[in-house]
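User: I have a protein model open and would like to learn how to read it. Could we go through it feature by feature?

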There are 4 protein chains.
Amino acid sequence: MTGPHGYSKDKDAHLKRLRRIEGQIRGLQRMVEEDVYCIDILTQVSASTKALQSFALQLLEEHLRHCVAHAVERGGPEVDAKVAEATAAIARLLRT
Amino acid sequence: MTGPHGYSKDKDAHLKRLRRIEGQIRGLQRMVEEDVYCIDILTQVSASTKALQSFALQLLEEHLRHCVAHAVERGGPEVDAKVAEATAAIARLLRT
Amino acid sequence: MTGPHGYSKDKDAHLKRLRRIEGQIRGLQRMVEEDVYCIDILTQVSASTKALQSFALQLLEEHLRHCVAHAVERGGPEVDAKVAEATAAIARLLRT
Amino acid sequence: MTGPHGYSKDKDAHLKRLRRIEGQIRGLQRMVEEDVYCIDILTQVSASTKALQSFALQLLEEHLRHCVAHAVERGGPEVDAKVAEATAAIARLLRT
């Protein structure tokens, strides 16, 4: 499914957020290398996971607003497929 | 709290795992740059979150086995503090 | 917002599922009364939480398919409000 | 594994908490019967899931403080088994 998609208009903001998360993961590596206390590393893991989740929620909101809404406007069987696909993605996010 | 800690003996394995997660986050950036379909990006976010979680679970297991167990062996009020600290870390992981 | 809603047509199936979850929670009470091993109780908590989550996912899917889709068909500012509202509900589910 | 266990001393508080959760699940049934708006039901599901999770965290803390700590005091191979068992329970909670 070629773009642009709902998120494309905010690409720079999304890339900036992902680069920050990348930096957090490198930070975790430094903590492990420097024998930082386990609980402090676990706290940083929670922060990185939360950042990934808020990125996912933003993308999901834009997907609902654009890709799913456009399918509804076009009508037909594509609507059910798009809704089922979005719900399956939400289920995967819930299970992590 | 200076190391080494429970996880220190498996440092290389942990660093390898974190570098892979770092690579996944860079992969997410490429997907956004290339206007990949939203749902495929969300699927990759779930995979990265899951990888972060299994890293956290490994660290937690080693923390219980070493830091918490050594506090129990020493006895005294430190045990309650260590257990409360570990439970708070688990609660943070649950809320993400 | 009076019904019927997307889930109304499957009301009996949802009520049956909720009564089963209610039974699971009573089962947890019996386990606590009978001093069952902690880990076995925690396993039952995970099963009940998972059942609640799949109930929530079904309701969410029907909400997207009906309430959000009908807002899209009507058009206007209501669409953004409905999408934002659904995303906030998903965020709450993610944080538990 | 017969009790009493770590949680046994707070049995009444745990039973009270579980009865409240049971009431919340019955509340969900009333909301479905009365065609309450989907998002309001999802908000109640998040509240019930959060209540179940805090019950699980309390049980886990008591399990670490008693069952796991007593295994450490006795020493031997049982410690690894208890830590692995607790970590597996935490993993199940994380995946819901």
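Analyst: We will take the chain as a whole, then the copies, then single residues. This is a predicted model, in which local features need pLDDT of at least 70, side-chain atom pairs count only at pLDDT 80 or more, and totals for chains, interfaces and linings use all residues. Residues are numbered from 1 along each chain as its sequence is written, chains are lettered from A and ligands numbered from 1 in the order in which they are written, and side-chain values use heavy atoms, with hydrogens and water left out.

User: How many helices and strands does chain A have?

Analyst: Helices (H or I, at least four residues) and strands (E, at least two) are DSSP runs, numbered from the N terminus. Chain A has 3 helices and 0 strands. The order from the N terminus is α-α-α. The radius of gyration of chain A is 17 Å, well over the 12 Å that the globule rule gives for 96 residues, so chain A is more spread out than a compact globule. That radius is taken over C-alpha atoms, and the rule is 2.2 Å times the number of residues to the power 0.38. The C-alpha trace of chain A spans about 55 × 30 × 15 Å along its principal axes.

User: What percentage of the residues in chain A are buried?

Analyst: Buried means under 20% relative accessible area, exposed over 50%, and partly exposed in between (1.4 Å probe, protein chains only). In chain A, 55% of the 96 residues are buried.

User: Which rotation superposes chain B on chain A?

Analyst: Copies are superposed by least squares on the C-alpha atoms of residues with pLDDT of at least 70 in both. Here a rotation of 180° with 0.0 Å of shift along its axis does it, with an RMSD of 0.0 Å. That is the relation of a two-fold axis. Of the interface residues of chain B, 100% are also interface residues in chain A, so the copies meet through the same surface.

User: Which residues does Ser46(A) touch?

Analyst: Contact means heavy atoms within 4.5 Å. Not counting residues up to four places away in sequence, Ser46(A) touches Arg92(B), Leu93(B) and Thr96(B). Ser46(A) sits in helix 2 of chain A and is buried, with a relative accessible area of 5%.

User: Is His14(B) buried or exposed?

Analyst: His14(B) is buried, at a relative accessible area of 1%. It belongs to helix 1 (residues 11-33) of chain B. With residues up to four places away set aside, its contacts include Val32(A), Tyr7(B) and Phe55(B).

User: Where is Val83(D) found?

Analyst: Val83(D) is in helix 3 (residues 78-94) of chain D and counts as buried at 2% relative accessibility. Leaving aside neighbours within four places in sequence, Val83(D) is in contact with Glu61(B), Leu64(B), Arg65(B) and Val68(D). Val83(D) and Val68(D) are 15 residues apart in sequence, and their C-alpha atoms are 6.9 Å apart in space.

User: What is phi of Asp35(A)?

Analyst: Most residues other than glycine have a negative phi. Phi of Asp35(A) is near 55°, a positive value in a residue other than glycine. Asp35(A) lies in the loop between helix 1 (11-33) and helix 2 (38-74) of chain A. Asp35(D) also has a positive phi, of about 50°, and is in the loop between helix 1 (11-33) and helix 2 (38-74) of chain D.
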